[in-house]
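Please open the model in your viewer and keep a selection panel at hand. The stops below say what to select next and what is to be found there.

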Amino acid sequence: MKIIVTKDYQAMSRCAADLVQACVEKEPQSLVSFPGGDTPIGMLEEFVSRVNQGVIDPTGLKFVQLDDWVGIGPQDEGSCSHFVSTRLLAPMNRPFADRFLFDGSRRDTIDQQLEEQDAFIRRYGPIAVEVLGIGMNGHLGFNENGVDFSLRSHRTPLSDVTKSVQKKYFGGQDLPLTEGITQGIAQIMESELVILLANGARKAEIVSKAITGPVTNEVPASILQKHPNCVYLLDQEAASLLPKDLPGLEIR
């Protein structure tokens with residue numbers, strides 16, 4: 001595991017885009033996956049800018065969504081598919097070669113969509129670069145506390161922690177969302193490169209647990225200690241509880 005600590009969020013986002021760019025330049029026909037949420041916004045803006053400037057060519061790349069809420073879909077602000085569409089796909093002046101997005105509003109087809117995501121990843125994968133955030137409870141995507149690390153695409157009840165923070169994505173509204181759909185830990189661990197982004201003091205405790213604590217499904221992100229090519233990209237606040245002599249730690 002490599003841990004890169006940058007001076008601020010902007011530097012973290014640029015560094016993430018640099019790593020993604022290097023990966024897709026090496027594998028221009030590869031499969032990539034980026035998350036939703038606040039943390040990756042800067043990286044996505046940088047990625048889109050590089051695409052639109054002709055620095056990154058996305059036309060051979062395939063994109064697979066990480067996760068989404070069950071009960072809302074691409075038309076709903078706050079859904080992960082809406083985020084991906086508006087923050088990544090729509091602003092790009094050249095499209096990906098292929099893409100897979102969930103529609104969580106189609107409750108009767110959730111199991112079918114999970115099978116389709118598995119098939120999409122088998123067709124184009126393994127995932128060359130998987131960018132992730134980390135939840136306040138250590139979740140990756142919607143792989144919540146207690147998750148079976150052998151699972152592939154699956155549906156899962158949302159933890160109390162996840163439900164407690166969800167309203168920030170929906171203008172402060174409390175929506176009755178109790179279930180998520182997500183890539184599984186098995187697919188994440190098969191990715192050639194995993195980049196985990198975390199910023200802000202509120203993430204410092206869970207980042208420390210995930211990196212320095214035991215590998216346990218009670219802190220799902222701790223499994224990344226076993227990934228052969230994982231990079232934690234942190235700003236100074238998110239890294240504030242890590243030992244300064246931690247192996248693999250790089251200050252930029």
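This is a predicted model: local features need pLDDT of at least 70, side-chain atom pairs count only at pLDDT 80 or more; totals for chains, interfaces and linings use all residues.

Begin by selecting strand β4 (residues 67–69) and strand β8 (residues 179–182), which run antiparallel and are joined by 3 bridges; strands are taken as paired if DSSP finds at least two bridges between them. Helices and strands are themselves DSSP runs, H or I over at least four residues for helices and E over at least two for strands, numbered from the N terminus. Within this pair, Asp 68 stands opposite Ile 181 in β8.

Residues are numbered from 1 along each chain as its sequence is written, and side-chain values use heavy atoms, with hydrogens and water left out.

Next, select helix α4 (residues 110–124), whose 15 residues reach 21 Å from the first C-alpha to the last, close to the 21 Å expected at 1.5 Å a residue; the expected span is 1.5 Å times one less than the number of residues. Show the side chains of Ile 110, Gln 113, Leu 114, Gln 117, Asp 118, Phe 120 and Ile 121, which are buried, where buried means under 20% relative accessible area, exposed over 50%, and partly exposed in between, with a 1.4 Å probe and protein chains only. Seen down the axis of α4, these buried residues fall within an arc of 160°, so they line one face of the helix; the arc is that of the directions from the helix axis to the C-beta atoms. An α-helix has 3.6 residues a turn, so residues three or four places apart point the same way. On the other side of α4, Glu 115, Arg 122 and Arg 123 are exposed. To see what covers the buried residues of α4, display elements including β2 (31–33), β3 (62–64), β5 (98–100), β7, β8 and α6 (185–190), with contact meaning heavy atoms within 4.5 Å.

Follow the chain out of α4 into the loop between α4 and β6 (129–132), where Pro 126 has its place. The peptide bond from Gly 125 to Pro 126 is cis, with omega near 5°.

Now move to strand β10 (residues 230–235): 6 of its 6 residues are buried, so the strand is largely enclosed by the rest of the structure. Cys 230, Tyr 232 and Leu 234 point one way from β10, while Val 231, Leu 233 and Asp 235 point the other way. Strand β1 (residues 2–6) runs parallel to β10 and is joined to β10 by 5 bridges, with Thr 6 opposite Asp 235. Strand β9 (residues 193–198) also runs parallel to β10, again with 5 bridges, and the bridge partner of Ile 195 in β10 is Val 231. Include helix α7 (residues 204–212) in the view, and β9, α7 and β10 can be followed as a right-handed β-α-β unit; right-handed here means that, with the strands pointing away from the viewer, the path from the first strand over the helix to the second runs clockwise.

How many disulfides does a search of the whole structure find? The search finds 0, a disulfide being a pair of cysteine sulfur atoms within 2.5 Å. For Cys 23, the nearest cysteine sulfur is that of Cys 230, 14 Å away, and for Cys 230 the nearest is that of Cys 15, 13 Å away. Cys 23 is buried, with a relative accessible area of 10%, and Cys 230 is buried at 3%.

For the last stops, select helix α1 (residues 9–26), where Gln 21 has its place. Gln 21 counts as buried at 14% relative accessibility and, not counting residues up to four places away in sequence, touches Arg 50, Val 55 and Ile 56. Lys 26, also found in α1, counts as exposed at 71%; its C-alpha atom is separated by 9.9 Å from that of Ala 128, 102 residues apart along the chain. Finally, select Leu 44 in helix α2 (residues 41–52), which is buried with a relative accessible area of 2%. Leaving aside neighbours within four places in sequence, Leu 44 is in contact with Phe 34, Pro 35, Phe 83, Arg 87 and Leu 88.
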